[in-house]
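Q: I have a chain open on my screen and would like to go through it piece by piece. Can we start with the overall picture and then get to the details?

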Amino acid sequence: MEETAYGHPFSRRIIGNALIGYLLCQGWGNDPDVFAEALQQLQAMAAGRDGRNQLDGAAQDALIDRLLHFHHWHYVLPTEPALLVLDTRTRRWRSERHPSGRPGCSTGRACASCNRRCSTTRRRSSSRRRRSSGSS
């Protein structure tokens, strides 16, 4: 299943274009700092259009490769308590023995990454609460 989606240039481009759309319309707003390099690459790609206003296919494929290997689509909303939005689409667990089997919701590495992010947010939030209660 995964090979069908990512193994053919046309389907890979469709998935990649969807990730570019998500980057521009959602991801960048959720956590702008983590998308800085991808946005620079996107700006360079857009600036490099040819005389017919066509994008450079190699530059587009390079950006798509970056986004397919990007592992920071999750984010934390700084609410009280913090709201962790998990990436359960691009960080799915897949069986090495049965690649055509159903994927799991998220890899152990993805869960650990989100846990670290949530812990950092929790520490910042606790620090803010202590400062605000001390100034009352």
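Q: What does the accessible surface of the protein come to, and how much of it belongs to carbon and sulfur atoms?
A: The accessible surface is about 9600 Å², and 54% of that belongs to carbon and sulfur atoms. Accessible areas here come from the Shrake-Rupley method with a 1.4 Å probe, and for residues only the protein chains shown count as cover. This is a predicted model, where local features need pLDDT of at least 70 and side-chain atom pairs count only at pLDDT 80 or more, while totals for chains, interfaces and linings use all residues. Residues are numbered from 1 along each chain as its sequence is written, and side-chain values use heavy atoms, with hydrogens and water left out.

Q: Which elements are there, and how do they run from the N terminus?
A: The order is α-α-α-α-β-β-α, which gives five helices and two strands. Helices (H or I, at least four residues) and strands (E, at least two) are DSSP runs, numbered from the N terminus.

Q: How many of the residues are buried, as a percentage?
A: Buried residues make up 24% of the 136 residues. Buried means under 20% relative accessible area, exposed means over 50%, and partly exposed is in between (1.4 Å probe, protein chains only).

Q: And what share of the contacts is between residues 24 or more positions apart?
A: Of the contacts with a separation of 6 or more, 45% are between residues 24 or more positions apart. A contact means heavy atoms within 4.5 Å.

Q: Now the core. Which residues have the most contacts inside the largest nonpolar one?
A: I20, L23, F35, L42, L63, L67 and W73, in a core of 14 residues. A nonpolar core is a set of buried Ala, Val, Leu, Ile, Met, Phe, Trp, Tyr and Cys residues joined through side-chain atoms within 4.5 Å. Helices α2, α3 (36–47) and α4 each supply at least two of the core's residues.

Q: What does L42 touch?
A: Leaving out residues up to four places away in sequence, L42 touches I20, L23, L24 and L63. As a general point, nonpolar side chains in soluble globular proteins tend to be buried together.

Q: Stay on α3. Which of its residues are buried?
A: A38, L39, L42 and M45. Seen down the axis of α3, the buried residues fall within an arc of 120°, so they line one face of the helix. That arc is taken from the directions from the helix axis to the C-beta atoms.

Q: What covers them, and what is on the other side?
A: The cover includes α2 and α4. On the other side of α3, E37, Q40, Q43, A44 and A47 are exposed.

Q: How far apart are the end C-alpha atoms of α3?
A: They are 16 Å apart, which agrees with the 16 Å that its 12 residues should span at 1.5 Å a residue. The expected span is 1.5 Å times one less than the number of residues.

Q: Where is the cis peptide bond?
A: It joins E80 and P81, with omega about 0°. P81 is in the loop between β1 and β2.

Q: Which residue other than glycine has a positive phi?
A: N53, with phi near 70°. N53 lies in the loop between α3 and α4 and is exposed, with a relative accessible area of 52%. For background, most residues other than glycine have a negative phi, and most peptide bonds are trans.
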